Amino acid sequence: MISIKSLRIDYEDVQAVADLNLEIPKGQIFGFVGPNGAGKTSTIKALAGVLDPTYGQIMINGHDLELEPEKTRQLIGYMPDFPPVYENLKVWEYCDVFAAAYLIPRKERLNRVKHWIEQVNLLNKWDSYVRDLSRGMRQRLVLAKTLISNPDVLLLDEPAAGLDPIVRREFSELLKKVAGEGRTIIISSHILTELSDFCNAIGIMEKGKMVVAGTLKEIREHMGSVSQLLIRGVNLDATSREKLLAVLSQASLLHDIKEHADFKFTATMTGDRKYASDILAQIVSQQIAISDFSVKEADVEDIFFQIGAKDVT
Amino acid sequence: MKILDLRDNALFLQNWRERMRQPTVISGVAITLIIILLIFVSAFYGQDAYRYSGYNSQYQIQDAMFWLKKSLWQILMLQGGLMLVLGTWSVTRMASRERRSGTLEFHRNSPTTRLNQALGLILGAPSLEWCLFALTFIFVIPLSLIVGFSFIILMKFYVSLIFMVFFYHTIFVLFALSSTSKSQAAFNRLPGILMFIGIYVLVITMRTQNLSVLYHATFFPAYDEVWRSLFPMAYQENSYRNFSQTLYLNSWWGIALPSLILQALVQLPLLIFAFKGIERKISTFDIPLFSKAQMTTLSFLVLFLFLGSAYSFLIYGNMYNYDYGGDSRVRWIIYSFICFAFFFGLGGTLLATPKQLSFFKGLLRAKRSGKNKFDLSSDSASHVGWLCAYALVLGSTLLLLSYVLSAPVALKILVGLNILIYVAVFSGALEYFRLSVHHKKTAIFGTIVGSVWIVIPILAEILKNKVIDINVYYVLTSLSPFSRIELFTSVLTRSNSFSTFTLTPLQVLFQGAIVNLLLAGVFQILASRERKKWQTLAAKSN
């Protein structure tokens with residue numbers, strides 16, 4: 001489990017993180033969401049022990065990062081957004097160096113290196129120099145390096161930054177595989193759909209503060225079960241259209257009602273599914289012909305735009 | 001993990017693998033062998049042999065023993081060059097690359113100890129040079145046996161050289177990691193290369209400064225002993241070499257010590273400090289190399305070492321050295337002491353004065369832990385604590401200087417106060433600008449210090465007796481420590497060189513102290529105001 005208490009991080013001219021409190025249970029895959037400068041990278045760096053916070057306590061599996069740094073670091077795997085590499089080492093040598101850094105016994109090292117290089121699909125590049133790898137391959141190599149110590153906690157800062165869509169998808173698949181192995185993962189990303197795929201909790205940061213954090217369910221509940229209602233009418237005449245708009249506008253938990261082309265209507269709903277069924281019953285009772293009625297629960301992107309993007313410029 | 005088991009040391013492995021690629025090793029071996037071949041050839045045909053042997057040059061070619069001795073000597077020099085120049089260069093290059101590229105952050109994030117990381121870097125980066133060094137033993141061992149070179153002297157030479165190499169490599173890693181920003185990592189640009197060359201020029205200069213600690217901080221004692229043993233006849237004829245065996249260069253506080261002990265005495269404490277600095281920099285880049293307590297200890301240690309050497313020079317110098325005698329020897333000691341004390345004061349101030357962020361962080365941490373003020377010795381604390389510690393170091397070393405030299409106590413106190421006040425001016429101004437929010441604060445600080453300490457005294461010197469009155473001249477020149485070091489020396493040695501002044505020495509010292517005290521007061525008040533601003537901000541901060 002990761003516990004952050006009153007974390008504050010300052011830079012020369014800006015306060016990057018302001019009194020952050022956060023608890024991430026074991027095995028959770030936690031997505032950090034927020035615009036540039038929100039404090040995601042600073043928080044991850046402080047968790048990794050590479051940035052000295054102004055104050056605050058960070059506990060990893062019960063160990064204090066400040067008081068037991070060596071013990072705590074053994075539990076962490078950290079991958080920065082643009083990870084530096086040793087260009088003149090071979091792929092296996094690079095991983096072996098970090099296997100040694102993480103105190104893996106010499107006899108076990110090579111097997112461990114082989115296992116993780118295979119996991120990231122770089123076995124065919126075993127003897128290649130790092131300088132000859134593409135950007136996507138380098139990211140995979142650094143992921144292998146990060147996983148080589150079998151860390152309980154994985155800190156991934158924008159792991160897909162700078163990758164093209166195809167490589168990003170490949171990398172995303174790889175992360176999903178890693179995520180399924182019971183580790184606690186903290187991942188930050190701008191690509192919100194990337195997080196939707198495998199995060200079971202998110203935290204939205206903005207201007208150094210955590211706006212909201214929790215599982216997607218908790219956040220939806222916190223936000224009053226915000227969901228998107230979509231209705232598509234069938235060749236609605238003027239009367240039916242007005243009837244439909246009247247039903248929607250009379251529903252107190254519907255907001256932001258919009259009419260689109262082809263008799264498509266959308267609205268933001270803060271009620272639950274039972275409330276949606278009541279609206280559907282009213283539409284049916286008024287004999288308005290519809291071909292589609294759906295409720296889409298808010299995903300990470302919706303939540304971010306609803307909460308996080310309000311003050312984001 | 002065993003600390004010296006390098007097969008498990010990540011940074012050693014990385015450096016070893018990068019530097020020991022087959023093509024690099026082959027070309028390194030080939031170049032070394034070619035150089036050794038050239039050494040044999042040049043030693044055989046060299047025309048300067050008579051200088052070493054005392055023989056007539058026309059017979060030298062037939063003298064195989066002399067040829068082999070000369071070759072051995074040059075291979076030993078090659079070993080030094082390999083490790084002290086090329087090895088040192090590799091260490092600094094690899095260390096600054098670690099800092100610049102950010103790969104060191106991965107190691108910092110790992111559970112390996114800082115000591116292990118430092119050792120990996122120091123031992124791994126010059127791995128190619130170590131291997132080439134080992135290769136040269138193929139020639140050194142048979143040559144030593146053939147010429148009958150003393151095994152003990154050879155062993156002493158290698159102990160001294162290897163310790164020296166380790167010392168230099170550690171110091172240069174410290175330099176390479178000393179920058180606070182990645183882009184300014186030392187040795188990545190021309191200033192770094194110039195600094196590298198400058199340090200070697202300094203080392204060579206240190207050899208001739210008549211002080212045992214400076215001489216034993218260089219690689220010369222090791223080579224001088226080998227030279228004496230290989231070419232005894234030439235040693236007797238060469239007064240310069242003769243100088244290397246003088247008692248004052250081989251003693252400390254008047255006690256004659258073996259060369260290796262003296263070398264350890266000088267280099268071991270500095271090595272420990274350098275390791276501490278490296279460990280600090282690997283832990284967090286944005287902290288100074290040394291803590292305030294470490295800097296205080298280091299200043300005292302260096303001045304204490306210096307005074308021990310000065311004492312030896314003073315009591316044995318007369319007997320052996322013909323260049324220095326009487327007043328000039330004392331004068332030189334005082335001059336060097338003042339320079340050392342002053343520059344350590346400035347250097348310590350640069351490390352001990354917090355930057356804006358560090359100071360603010362310290363205030364917030366103190367507030368968080370329920371304290372009104374933070375510990376004066378912490379990295380975030382104001383320079384005031386350091387200034388007090390420096391005053392103690394200066395006072396105690398001046399007392400020791402009284403043991404070495406006899407000068408009136410009042411004058412010593414006055415000189416000490418003057419040095420302290422100059423450091424106080426510098427530290428006050430530095431802290432004021434570091435804590436202020438001026439956009440170009442470094443440039444403004446540099447301009448002000450440069451103007452007050454260099455430009456104004458030069459102008460005063462030019463305009464003396466023409467435009468400005470002699471009293472104004474005294475005031476203006478007293479602003480600069482550089483124009484006063486000579487005066488302090490004259491005052492303490494009570495020499496006649498002071499007679500150019502129309503005031504008495506005491507009057508000039510008092511006048512200078514008052515002028516600089518006012519200046520120090522202004523800067524200290526400004527710095528204090530800046531501190532209060534940040535304290536108010538921290539108090540308001542949530």
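A residue is called buried if 20 or more other C-beta atoms lie within 10 Å of its own, exposed if 12 or fewer do, and partly exposed in between, with the C-beta atoms placed from the backbone. By that definition, 41% of the 313 residues of chain A count as buried.

Good morning. The structure is a predicted model, in which local features need pLDDT of at least 70 and side-chain atom pairs count only at pLDDT 80 or more, while totals for chains, interfaces and linings use all residues. Residues are numbered from 1 along each chain as its sequence is written, and chains are lettered from A and ligands numbered from 1 in the order in which they are written.

Let me begin with chain A as a whole. Its C-alpha atoms fill a box of roughly 80 × 45 × 35 Å, taken along the principal axes. Chain A has 11 helices and 14 strands; helices (H or I, at least four residues) and strands (E, at least two) are DSSP runs, numbered from the N terminus. Two residues are in contact if their C-beta atoms, placed from the backbone, lie within 7 Å. Of the contacts in chain A with a separation of 6 or more, 68% are between residues 24 or more positions apart.

I turn now to the strands, where two strands pair if DSSP finds at least two bridges between them. Strands β1 (residues 2-11) and β2 (residues 14-24) of chain A are antiparallel, with 7 bridges. A hairpin of 2 residues connects β1(A) to β2(A), and A:Tyr11 has A:Val14 in β2(A) as its bridge partner.

Elsewhere in chain A, 6 strands make an open sheet with mixed pairing, in the order β6-β7-β8-β3-β9-β10. Which strands are at the edges? They are β6 (76-79) and β10 (209-215) of chain A, each of which pairs on one side only. From one strand to the next, the twist averages 15 degrees; axes are lines fitted to C-alpha atoms, for helices over the stretch in contact, and angles run from 0 to 180 degrees between N-to-C directions.

β6(A) runs parallel to β7 (residues 153-157) of chain A, joined by 4 bridges, and A:Met79 stands opposite A:Leu156 in β7(A). Helix α5 (residues 135-147) of chain A lies across these two strands, at about 165 degrees to β6(A).

Finally, 30 residues of chain B are in contact with 29 residues of chain A. On the chain B side, α18(B) supplies the largest share, 7 residues. Thank you.
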